[in-house]
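This report covers a sheet, its helices and a set of salt bridges. Please look over the sequence and the model first.

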Amino acid sequence: MSTSEQLSTRHLLGIKDLNSNDIQLILDTAANFKDVLNRPIKKVPSLRDITIANVFFENSTRTRLSFELAEKRLSADIINFAASSSSVSKGETLIDTVNNILAMKVDMIVMRHPYAGAGVFLSRHVDAQIVNAGDGAHEHPTQALLDSFSIRERLGDVAGKKVAIIGDILHSRVALSNILCLQKQGAEVMVCGPTTLIPKYIRSLGVKVEHDLMKALNWCDVANMLRIQLERQDIAYFPSLREYSMLYGLNKEILDSLDKEIVIMHPGPINRGVEITSDVADSSHSIILDQVENGVAVRMAVLYLLAGQRGS
């Protein structure tokens, strides 16, 4: 790999560590891998000598399966490790767990952890390369990259587009990664939701803040509808799901009332009938299934490019 084709970072801990060239390189590489995935033989030998451990301290279905499929398509050897978050309460325990895995000669670790910054912490204490598959309510970099890839695929470019991220911004790792990723590519970003679910610091990131769903939809080219993360909410942030749905839920009637076509996204899993109705999720406006398909290509690109950094 030539220098011009290398990432500027040895790990993927968050979008904040990537520059705009890194992002373009990942998306361009993902486009090549998507072509591979559409061939009759979907496997390439790119990571044949690499061993990757998927270490998930928090439940995940889509992200874990997507990474696992990406690794298999690249011909990597895979170890899957699942642990409940309750079994890891101290940093030392996390290091011990990972060092035991590394003793099996693992090159790369894909990790999801309930605590923000777990990947950064680990990268300072172990030798392997770390890919953050979601850390608490902090970042989820590969989700943001696949979202950008999906926007680029549908609209031709991310630069100059207006993207509204709607819903539970406070508890979302997808929101922060998306804001950083979109801004680095020249998009405008707005967040929309009830006051209780918009963090106070959000304006410091240079995003617009809106509490009226119709205003946000009339402004944007793309609406990314986030799930209400009840499992992260320790207090009631709104009276009821029914009330939330009435104020911030997207249905076909609202979509049809707009004087333009907008693209609808959702990181999944969808609470159908809460943040989005089935007739919207399954409509031609929606690129939700494209996001799932693109997730494998983007994760292949990330793993492939990071493997090119081994030893650097």
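Helix α2 (residues 62–73) lies across β1, β2, β3 and β4. It runs at about 175° to β1. Axes here are lines fitted to C-alpha atoms, for helices over the stretch in contact, and angles run from 0 to 180 degrees between N-to-C directions. Helices (H or I, at least four residues) and strands (E, at least two) are DSSP runs, numbered from the N terminus.

The model is predicted: local features need pLDDT of at least 70, side-chain atom pairs count only at pLDDT 80 or more, and totals for chains, interfaces and linings use all residues. Residues are numbered from 1 along each chain as its sequence is written, and side-chain values use heavy atoms, with hydrogens and water left out.

**The sheet.** Four strands form an open sheet with parallel pairing, in the order β2-β1-β3-β4. Two strands pair if DSSP finds at least two bridges between them. β2 (77–82) and β4 (129–135) stand at the edges. Each has a single partner strand, so one side of each is left without a neighbour in the sheet. Neighbouring strands are turned by 15° against each other on average, direction ignored. β1 (residues 51–56) and β3 (residues 108–113) run parallel and are joined by five bridges. Phenylalanine 56 has arginine 112 in β3 as its bridge partner.

**A residue of α2.** Threonine 63 lies in helix α2. At 3% relative accessibility, threonine 63 counts as buried. Buried means under 20% relative accessible area, exposed over 50%, partly exposed in between (1.4 Å probe, protein chains only). Leaving aside residues up to four places away in sequence, threonine 63 touches Arg112, Ala133, His140 and Arg299. Contact means heavy atoms within 4.5 Å.

**Helix packing.** Helix α5 (residues 141–155) packs against helix α11 (residues 288–307) at an angle of about 120°, with the axes 8 Å apart. The α5–α11 crossing is right-handed. That is, a crossing is left-handed if the near helix is turned anticlockwise from the far one by less than a right angle, and right-handed if clockwise. Contact residues of α5 include Leu145, Phe149 and Glu153, and those of α11 include Asn294, Val298 and Arg299. The residues of this contact divide into five nonpolar, six polar and five charged. Ala, Val, Leu, Ile, Met, Phe, Trp, Tyr, Cys and Pro count as nonpolar, Asp, Glu, Lys and Arg as charged, and the others, Gly among them, as polar.

**Salt bridges.** The whole structure holds ten salt bridges. Each is a side-chain nitrogen of Lys or Arg within 4 Å of a carboxyl oxygen of Asp or Glu. Among them are these:

| Aspartate 28 | Arginine 152 | 2.9 Å |

Aspartate 28 sits in helix α1 (residues 20–37) and arginine 152 in helix α5, 124 residues apart. Aspartate 28 is partly exposed, at 39% relative accessibility, whereas arginine 152 is buried, at 18%.

Glutamate 58 lies in the loop between β1 and α2, and arginine 173 in helix α6 (residues 173–184), so the pair ties together parts 115 residues apart in sequence. Both glutamate 58 and arginine 173 are buried.

Aspartate 256 and lysine 252 are four residues apart in helix α9 (residues 252–257), separated by about one helical turn. Lysine 252 is partly exposed, with a relative accessible area of 27%. Salt bridges that share partners also join Lys34, Glu153 and Glu293 into one network.
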